[in-house]
Every structure is written in C-alpha cells, then in structure tokens.
Amino acid sequence: TLEAISSEEWLLINSISDGIIRYDVAENVSEQRNCTINVSYPGVETISISVTQLAKNEEPTDASFEISFSEVNEVSFNFSVIPSDKEMYYIYFLENAAYLADNGFESDEDIIAADLAYFQSESETYGMTLEENVMNYYATSGDIIDNNFAGAIPGNEYVVYAYGFEFVDGEMIILTSLSKEFVTTLVVEPEDAFIELDVQLDGSDAAITYNPGDFDGHYFVFHEEISYIFERDDVTDEELSDLMFELWYEYMSLYLSFGFSLDMLYGEMALQGAQTVEYSLFANAEYFVGALPLDENGVAFANPTVVRFETATVEPSDNVLDITVSNVKSRTAYMKVVPSNDDPYVFACFSEGYVEGMTDQEIVDMLNEYYAAALMPTVGEVELDITGLIPETDYMVIAFGYEGGIATTELFKEYFTTQADEIADIEVTANIYGVYDMDELLALDSSLAGSYPDYDARVITTYETN
C-alpha cells in the first residue's frame, strides 16, 4: 500500500488514490516555510517530496513565456514562444488583436475562460473528452522558434498569447497566468490606381477587359452583385475599394495556411497582362468589378480600380424544349433535349420524391436559391448519359429557359423509372502498380508541386475485370 507522511503539522495528507496524493495546508501567517512528504511503497525505496509555502504576502513565481517576433514585413512575420518550463504543456494562439477588443475581454482570465468554453463545446460536438481534444489538437511543449505566419494584413495588429495547463482526473487545470505580446505589420502606402477596366454588356452577360498597361505582375480580380455582399443600397466606392483589400488578404491567409503556394493562389484568383474575360451574371442587378495590383510577395502596393455597372432586364423566351429519355437501366439512362431556338436554357434531373408536392414555380425558385452556381445555361441540342441513379426509383428530367438568373420559359418535364438491379457475372481485381516517392515524382513532373503538399508518397493502383 502506498503511504505518505508529512513532516509538518500545517500540511495534512488528505487522501491517496490511483497514485495521486492530495493534501491540505493551513494558512501561513508568517514567514516562508518548508515541509517534506515521505512517500513509501513495499519493496521500493522511500522518496521525499519538498513542499514550500510562501509567506503570506509573497507572490508565487509563475512559469512564464518569452514571446518575440522577427522578420516582420507587410504580410508576414515570425514568432517564437519559449516557456521557462520545457516539460509543461501549454496552449498558444495567434489572433488578430481585434479579437480581444471585439469580445470585450476585461482580463486575461476572460480570454482563458473563452478558450476553455470553446474547447468544451468542440469536444461535445465531436464526441471527445476535453482531455482528448486538447491534448490531440491544441497542446504543445518545448520551444517554438521562428514559426512563420504568412497572409497577414498590412498595418494590422496581431497578438500571440500562451498559458500552461495540466489535466488531473480529466479536469483541465490552468498552471500559469496568460502571457501575451503584440506585433503590428508594416504599413503600405498604396500608389494610385492604374489598371484600366472596360465593361461591355450584352443583356446579363458582361465582357470585362483588364488593361494593366506596362505592369507585368499579377493583379487580383473580383466581381459580385453589390447587394449580395452588403445587403444595402448606399454602398460607396471607398467601401468597394476596402473590400478588395480585405478579400485578397483573406484569400491569401487561407491558401497559405493550408500549405498552398502564392503562385497557386495567383493562378486561381489573379490575372497577368491585358485580358478580356466573359461572365454570365444575374439580370437587372448592380455589380462591381475590381482589379488590385500585387507585388511578388502578395502585397497590394496600389489602390484597386473599381467599376460599377448594371445588367439589363431579361425578356421572356418562346423556346420550346423537347425532352426524351431512353435506354433506361437500373443506374443509368440516356437523355436528349432539343430546343426550338438558340435561346439559353438549363436542365437537371431529380428523383420525383425530391420535388414532391412542389409547383413548377417552386421547383424553379428552389433551383435558383440553392443551385444557382450549378445552373450553367446552354444553347442547342444536348445529349448525355445520366449516371448515379438508384434502381426502381421514379425520376424526372426538367428544363427551362434561363438567362441572368431568371426563368424565361415554362418548366418542361419528362418522367422515367429505373429498372431493378441484376447481379452481373463480373470479377474485379485491384493491383498495386507502384509506390512512388513524391520527391522523385516532382523531379519527373514539376506540375505536381503543391498538389499533395502534406504527403511523402503516392500509390498508383490498377483495376482489371473479366
């Protein structure tokens, strides 16, 4: 049996359970004092644990953190977190400094309490204990040296804070006070806007020409319906200009945090040189388009060019859409749509149960509200295989004239029912073709760079059937 004996009367052993010794101490009204707890177990040499109780008005020596910053520029910086106790587990966070003000924290204890509430809520959501969640996803120990944060906002203040903790019987015990340090990225004084924009409208379609002149770098482009973002009418050009800066740095921070390169972000969100891009937009709506010049580090060094424009009202169409469905099997079918003219239209396939009880107008409204991004207008005849169907299920193919987010015809429909499944006499064999080191693959094909940033190898398999 484990035994623990105190050398002083002011420290009383409370309990011994599961290898944990708990004790109570009397209030110290005089000078600092010391006690020894002798712990013994049969067959094991006795060990002694020293306990020091500080004087009544003496402040405890808190385990501390040294937080520092280096290589601070407009869009990135390095930060280091060095704890005085290298064995202690601790939490650290890098936040926009506005996070502290926006949440109205009145003390460092409030910040820690908010973190703990978040950890607990997250643990309950994902079916973990608090200890499992914190130890697996947030805890760290030892020194963090020159950890890079990229995708910062120029002239913005950030904070790094840290505090130590331990778990006792599943309870998270905070061991230290919160240490925090602030850093402000360098300010950019943007040059005047210089990219020229020209918008040519054809109904709800827009052809936008971007002309950066002699500038051969990248520029971030963005367009959107103004009311969709701001949900009001009195939006100023200055607000649209500020939005271009905010969006770019948000995208940049997101991409870089997931391990993607700045060049990959440029490929997705930016253009280079003079270009004309065509867009299909919603009809009878006010839009804006912006172009923001960027340097090689992703810094927006000049103000964006912002242009407003309004798309035209769409007129009804007399297009008649003839739908046929053939070669219906258990999981596939063949469909064809023949329009009576070259006006644009869209089509889709649903199980009847998905739209059961809806009127034609409700079906169109549902598609516009939830699937607008997937409604790609087409012209002319369409023929294709429908795959991924469920056996013995009623389906409908629908089509209607569509332009600028507005239905221009009635809803045309065709119904069909898939067949029952049949068991096929087929055998499938999977074979490991090879396991390849990513560094070797990149040497052979540099276009793979960034596609698999967190993996060391790639496995290729082949499949054979009879």
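**Pockets, salt bridges and a surface patch**

Let me start with the second largest pocket, whose volume comes to about 200 Å³, and let me say at once that what we are looking at is a predicted model. Among the residues that line this second largest pocket are Ile153, Pro154, Val187, Val188, Phe245 and Tyr249, together with Glu246 and Glu250. Sorted by class, its lining holds eight nonpolar residues, one polar residue and two charged ones.

The largest pocket, for its part, has a volume of about 620 Å³, and of the 17 residues lining it, those closest to the centre are Ser280, Phe282, Tyr287, Ala372 and Ala373. Strands β15 (218–225) and β17 (275–280) each contribute at least two residues to this lining, and it is β15 that gives the largest share, with three residues. By class, the lining of the largest pocket consists of 11 nonpolar, four polar and two charged residues.

Now to the charged pairs. In general, side chains of opposite charge can pair when their charged atoms come close, and in this model the count comes to nine salt bridges.

Arginine 22 forms one of them with aspartate 169, with the closest N and O atoms 2.4 Å apart. This pair links distant parts of the chain, since arginine 22 sits in strand β3 (residues 20–25) while aspartate 169 is in the loop between β10 (157–168) and β11 (171–174), 147 residues apart. Arginine 22 is partly exposed, at a relative accessible area of 31%, whereas aspartate 169 is exposed, at 61%.

Another salt bridge joins lysine 86 to aspartate 143, where the closest N and O atoms are 2.7 Å apart. Here too the pair links distant parts of the chain, with lysine 86 in the loop between β7 (76–83) and β8 (89–96), and aspartate 143 in the loop between α3 (130–137) and β9 (144–150), 57 residues apart.

A further pair is arginine 308 with glutamate 286, at 3.2 Å from N to O.

Which residues, finally, form a nonpolar patch on the surface? They are Tyr354, Tyr370 and Tyr371, with about 350 Å² of accessible area together. Tyrosine 370 belongs to helix α7 (residues 360–370), and with a relative accessible area of 58% this tyrosine 370 is exposed.

How values were computed. Residues numbered from 1 in each chain as written. Predicted model: local features only at pLDDT ≥ 70, side-chain atom pairs only at ≥ 80, totals over all residues. Heavy atoms only, no water. Patch = residues over 30% accessible without salt bridge, like charges linked within 9 Å, V, L, I, M, F, W, Y side chains within 5 Å. Areas by Shrake-Rupley, 256 points an atom, 1.4 Å probe, with all protein chains shown as cover. Salt bridge = Lys/Arg side-chain N within 4 Å of Asp/Glu carboxyl O. Helix = DSSP H or I, 4+ residues; strand = E, 2+ residues; numbered from the N terminus. Buried < 20%, exposed > 50% of the residue type's maximum accessible area, 1.4 Å probe, protein only. 1 Å grid on protein atoms, 1.4 Å probe; cavity = no way out; pocket = protein on both sides within 12 Å on 5 of 7 lines; lining within 4 Å. Points joined across faces, edges and corners; volume = space filled by probe spheres on them. Nonpolar A, V, L, I, M, F, W, Y, C, P; charged D, E, K, R; others polar.
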